[in-house]
Amino acid sequence: MRLFLLIMVMAMSFAFNSKKEVSVEVKPASVEVKNGQSFSFFVRLKSVAGVHINAQPPVSVKSETEGASLTVTEIPKAGEYLDSSKPIKVECKVTGMKAGVHKLNFVVGYTYCSETEGWCRMGKDESSIEIKVKK
């Protein structure tokens, strides 16, 4: 029964603004790449004091840009939690994009909990990097 209630609370919590408790940083801000070539970038999630980001379910990064596929390759963990002192490594491959500058949009999904208030929520933040596709 407790698991059911936790799932219900987490499902309803999408309405909350996670940006108050968790910030998303992406590095580098810009990457130069050729079509078909893979590259990596890093996402760092930082939470305010008293809030932690869970390692399970794992952090997800999903592309919203056509022609770009993203795969999370390294999630730093500290026990049950994400080690926010280290970045999450994301592998990206672009295919079929015209040469030039593009904005690669993606969504970062994660679960975070307040240690002091006793709640957990699912966060979903949009972010992007600039990619310069070479011929």
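How many helices and strands does the chain have?

Modeller: The chain has one helix and 11 strands. Helices (H or I, at least four residues) and strands (E, at least two) are DSSP runs, numbered from the N terminus. This is a predicted model, in which local features need pLDDT of at least 70 and side-chain atom pairs count only at pLDDT 80 or more, while totals for chains, interfaces and linings use all residues. Residues are numbered from 1 along each chain as its sequence is written, and side-chain values use heavy atoms, with hydrogens and water left out.

Now the sheet. Four strands form it, in the order β1-β3-β9-β6. The sheet is open, and its pairing is antiparallel. Two strands pair if DSSP finds at least two bridges between them. β1 and β6 (68-74) are the edge strands, and each pairs on one side only. From one strand to the next, the twist averages 30°. Axes here are lines fitted to C-alpha atoms, for helices over the stretch in contact; angles run from 0 to 180 degrees between N-to-C directions.

β6 pairs with β9 (residues 88-94) in the antiparallel sense, over six bridges. Thr71 stands opposite Glu91 in β9.

The peptide bond from Lys27 to Pro28 is cis, with omega near -5°. Most peptide bonds are trans. A cis bond also joins Gln56 and Pro57, with omega about -5°. Pro57 sits in the loop between β4 (51-53) and β5 (60-63).
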